Each structure stands twice: as structure tokens, then as C-alpha cells.
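Here is a short report on the inside of one protein chain. Please look through the sequence and structure before reading on.

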Amino acid sequence: MISLTVTAVVFGVVFLAELPDKTALAGLVLGTRYRASYVFAGVAAAFALHVALAVAAGSVLTLLPQQIVQALTGVLFLGGAAVLLLKKGEDEEEVRKPENQSFWKVSGAGFMLILVAEFGDLTQIMTANLAARYDDPLSVGLGAVLALWAVAGIGIVGGKALMRKVPLRLITQIAALVMLALGVWSLWEAVTR
């Protein structure tokens, strides 16, 4: 059974952490050059694969004693918050243009770009942490993949407009504060058990 609470928490955390990431910019670049639905298909498939790997890794962590998992996820969340706060602005990456506009060429370009760019990314590590923390792989996986797809959709369809209205630095700071709170909470639970 899927927990809507866990799914919503994971969605919010992953969405805020991914929004200022290079993926939104890459989606924006691809979306301005190619048919949006083709780009989204490739990007969505790559994110689904990343989430599946992250949830599997997080599920393995649940085999450890709960106090160790709490402490480990707390430290990783604090590290993630530090990475977000110390991260410098990222430049738009050049994307190789497929020779034609076929579905397979465009979606394949989107898939490969995300597959390579996001492997071991902060949100993938965060998803693994959340899977370990909640021990609910379906809810965590659903929340993470929906958040990543939402960010990709925003980047592909309306990234420029959003970035004009909401400062990227503010989004990054909110994501860092949420991760900081989750880190402190996890460490508190590890110490008080």
C-alpha cells in the first residue's frame, strides 16, 4: 500500500532539490530545440531508472540496525544541505543535436543526457536516503519519480518563465533548509533511541 504522506514528503524534498539542478536547464535546452513530448519520454525513462536504482540501494540500507540507518541518513542529509548551499550557479550545457527529429533520436538524446548527468547526483542519493528512512520503497519511489518528472516537465515546457519569477538561489536555499531539518531530525532520532 502506498502512503500518501511519505509520497508527498519525498515529492517536496526531491522537487525542491532538483529544481535548481542542471537537469532543469538541460530539459529547457532540449525542449526549445525538439518536440517536447519526445524529450519528456526519454528524460522520464532515465529518471525512472535512476529512482529504481536509488530505492533499491535505500532498501538494502534498511537491513542495518535502525539507529545506524538514522545516523547515516542524518549525516547524508546534512551533507546534501551543505552541497546545495555551497553550490555555485551552473552554466547551461551544450547538447548535441540529433540528426533528425525522430522519436527515437530525440528521446534517446534526452535519455542519455539524463542517464549520464544524474548518475550519483544529489537527488539520487537523497532518494536512497529517503527509502532507507521510511522503509517504504513504493511510496518513496513514486514521490521521487513524480518530482523528477515534474521538474523535467517544467524545464522542458516553461523553465524560462519560472526562473524569471522565482530566484534560483531562493529555491536552492529552501531545499537546503528542508534537507537540514531532515538531517537534524534523523540524527535526533538516532541519538534518542
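## Cavity

α3 and α6 each supply at least two residues of the lining of the largest cavity. α3 gives the largest share, four residues. Helices here are DSSP runs (H or I, at least four residues), numbered from the N terminus. A cavity is a set of points on a 1 Å grid over the protein atoms alone where a 1.4 Å probe fits but cannot get out; lining residues have an atom within 4 Å of a point.

The largest cavity holds about 50 Å³. Its lining includes Phe47, His50, Glu118 and Leu148.

## Model basis

This is a predicted model: local features need pLDDT of at least 70, side-chain atom pairs count only at pLDDT 80 or more, and totals for chains, interfaces and linings use all residues. Residues are numbered from 1 along each chain as its sequence is written, and side-chain values use heavy atoms, with hydrogens and water left out.

## Thr7 in α1

Thr7 sits in helix α1. Thr7 is buried, at 10% relative accessible area; buried means under 20% (1.4 Å probe, protein chains only). Beyond its neighbours within four places in sequence, Thr7 is in contact (heavy atoms within 4.5 Å) with Ile2, Ser139, Leu142 and Gly143.

Definitions and conventions
Buried < 20%, exposed > 50% of the residue type's maximum accessible area, 1.4 Å probe, protein only. 1 Å grid on protein atoms, 1.4 Å probe; cavity = no way out; pocket = protein on both sides within 12 Å on 5 of 7 lines; lining within 4 Å. Points joined across faces, edges and corners; volume = space filled by probe spheres on them.
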